[in-house]
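Biologist: I am new to this model and would like a close look at a single part of it. Please begin with the whole and then go to the part.

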Amino acid sequence: MTDSRVDIDSDRLGRDLVALVLTVVELLRQLMERQAIRRIDQGDLSESQVDEIGTTLMMLDQRMAELCEQHGVRPEDLNLDLGPLGSLLPRD
């Protein structure tokens with residue numbers, strides 16, 4: 001009879017899960033930023049709305065950096081390689 005147990009490193013599994021969640025959050029943050037820039041370029045927003053969006057996006061960026069540091073994940077670790085499609089997140 002063969003032992004069919006799977007060896008799971010719970011610390012690695014936890015880090016990988018955190019990295020996946022942070023990747024999704026970063027993708028959404030970047031999509032929101034691009035949408036905000038489009039709306040600003042189209043002139044759809046008042047000056048106070050532009051200021052509020054800018055402040056919010058800066059705070060989100062800062063919080064993402066804090067979460068990455070807190071969980072030992074580098075920002076570049078969040079960019080998944082999708083093979084022939086390229087990377088998930090645009091490279092700055």
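How large is the accessible surface of the protein, and what share of it belongs to carbon and sulfur atoms? After that, please look closely at R29: which side chains does R29 meet in salt bridges?

Modeller: The model is predicted, so local features are given only at pLDDT of at least 70 and side-chain atom pairs only at pLDDT 80 or more, while totals for chains, interfaces and linings use all residues. Residues are numbered from 1 along each chain as its sequence is written, and side-chain values use heavy atoms, with hydrogens and water left out.

The accessible surface (Shrake-Rupley method, 1.4 Å probe, only the protein chains shown counting as cover for residues) comes to about 7500 Å², and 55% of this belongs to carbon and sulfur atoms. The protein has 92 residues, and 17% of them count as buried. Here buried means under 20% relative accessible area, exposed over 50%, and partly exposed in between, with a 1.4 Å probe and protein chains only.

There are 2 helices and 0 strands; helices are DSSP runs of H or I with at least four residues, strands are runs of E with at least two, and both are numbered from the N terminus. Among contacts (heavy atoms within 4.5 Å) with a separation of 6 or more, 58% are between residues 24 or more positions apart.

Now to R29. R29 lies in helix α1, as does E33, 4 residues away, about one turn of the helix. Their side chains meet in a salt bridge, with N to O at 2.8 Å; the term means a side-chain nitrogen of Lys or Arg within 4 Å of a carboxyl oxygen of Asp or Glu. R29 counts as buried because its relative accessibility is 9%. E33, at 28%, counts as partly exposed.

R29 also forms a salt bridge with D61, where the closest N and O atoms are 3.7 Å apart. D61 lies in helix α2 and R29 in helix α1, so this pair ties together parts that are 32 residues apart in sequence. D61 counts as partly exposed because its relative accessibility is 41%. Salt bridges with shared partners join E26, R29, E33 and D61 into one network.

E26 is likewise in helix α1 and counts as buried, at 10% relative accessibility. Leaving out residues up to four places away in sequence, E26 touches M64, L78 and L89.

The 24 residues of α2 (residues 47-70) should span 34 Å, because each residue counts for 1.5 Å, and the end C-alpha atoms are 35 Å apart, which agrees. The expected span is 1.5 Å times one less than the number of residues. After α2 comes G72, with a positive phi near 70 degrees.

R74 counts as partly exposed, at 47%. The count of salt bridges comes to 6.

L85, in the segment after α2, is exposed, with a relative accessible area of 73%.
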